[in-house]
Amino acid sequence: MTKKKLFKKEYGIELLKIAEGDLETAKGLIKVKMGRRENILFHLEQVIEKSLKAVLCAKGIPLPFTHELGIILELFPAQLEVPRSEEMVDLGQFASIRRYEEGVAEITGEEIDETLRLASETLHWAKMNVG
């Protein structure tokens, strides 16, 4: 069972600010074109994770101590549908195992662009649901 903690609802706003910083970091890494592509996807996963947790926090739902987006998504009530949630689940690997290994699959520019769109859309959606 994943440990959870109830935070003050205002913490959701702080999480969104941190997510915005992660988004800018990912955009900067894309421009540099050096280093590990996994690092770009790590920061984009963090945008999504923090955005989701910000909404949960704002709704008074305890936050799980996990990077597994599937576990986080399961906490959303049915009436609060997360757009494109099915595309998020596999990104958790970039906040865990792929931080410590190169991986066997090449990460394409198209994958990065699509994940950037997903992260940006999720952050925008979260801002509309927090506050």
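The model is predicted, so local features need pLDDT of at least 70 and side-chain atom pairs count only at pLDDT 80 or more, while totals for chains, interfaces and linings use all residues. Residues are numbered from 1 along each chain as its sequence is written, and side-chain values use heavy atoms, with hydrogens and water left out. Helices are DSSP runs of H or I with at least four residues, numbered from the N terminus.

**Helix H1 with helix H2**

- Helix H1 (residues 11-32) and helix H2 (residues 37-58) pack at an angle of about 165°, and their axes are 8 Å apart, where axes are lines fitted to C-alpha atoms over the stretch in contact and angles run from 0 to 180 degrees between N-to-C directions.
- This makes H1 roughly antiparallel to H2, a term used for angles over 145 degrees.
- H1 passes H2 in a left-handed crossing, meaning that the near helix is turned anticlockwise from the far one by less than a right angle.
- Among the H1 residues that meet H2 are Tyr11, Leu15 and Ile30, and the H2 side includes Ile40, Leu44 and Cys57, with contact defined as heavy atoms within 4.5 Å.
- By class, the contact of H1 with H2 has 14 nonpolar, six polar and three charged residues; Ala, Val, Leu, Ile, Met, Phe, Trp, Tyr, Cys and Pro count as nonpolar, Asp, Glu, Lys and Arg as charged, and the others, Gly among them, as polar.

**Helix H1 with helix H4**

- H1 and H4 pack at an angle of about 160°, with 11 Å between their axes, and they are therefore roughly antiparallel to each other.
- Here too, H1 passes H4 in a left-handed crossing.
- The contact is made by Leu16, Ala19, Glu20, Leu23, Lys27 and Ile30 of H1, together with residues of H4 including Ile112, Leu116 and Lys127.

**Aromatic pairs**

- There are two aromatic pairs, counted where ring centres of Phe, Tyr or Trp (its six-membered ring) lie within 6.5 Å, with planes under 30 degrees apart called stacked, over 60 edge-to-face and the rest tilted.
- The rings of Phe7 and Tyr11 are stacked, because their centres lie 4.8 Å apart and their planes meet at 25°.
- Phe76 and Trp125 form a tilted pair, with 6.0 Å centre to centre and 50° between the planes.
- Phe76 lies in the loop between helix H3 (69-74) and helix H4 (109-129) and Trp125 lies in helix H4, so the pair ties together parts that are 49 residues apart in sequence.
- Phe76 is buried at 10% relative accessible area, a term that means under 20%.

Note on methods:
Helix = DSSP H or I, 4+ residues; strand = E, 2+ residues; numbered from the N terminus. Parallel < 35°, antiparallel > 145°, perpendicular 65-115°, else oblique. Buried < 20%, exposed > 50% of the residue type's maximum accessible area, 1.4 Å probe, protein only.
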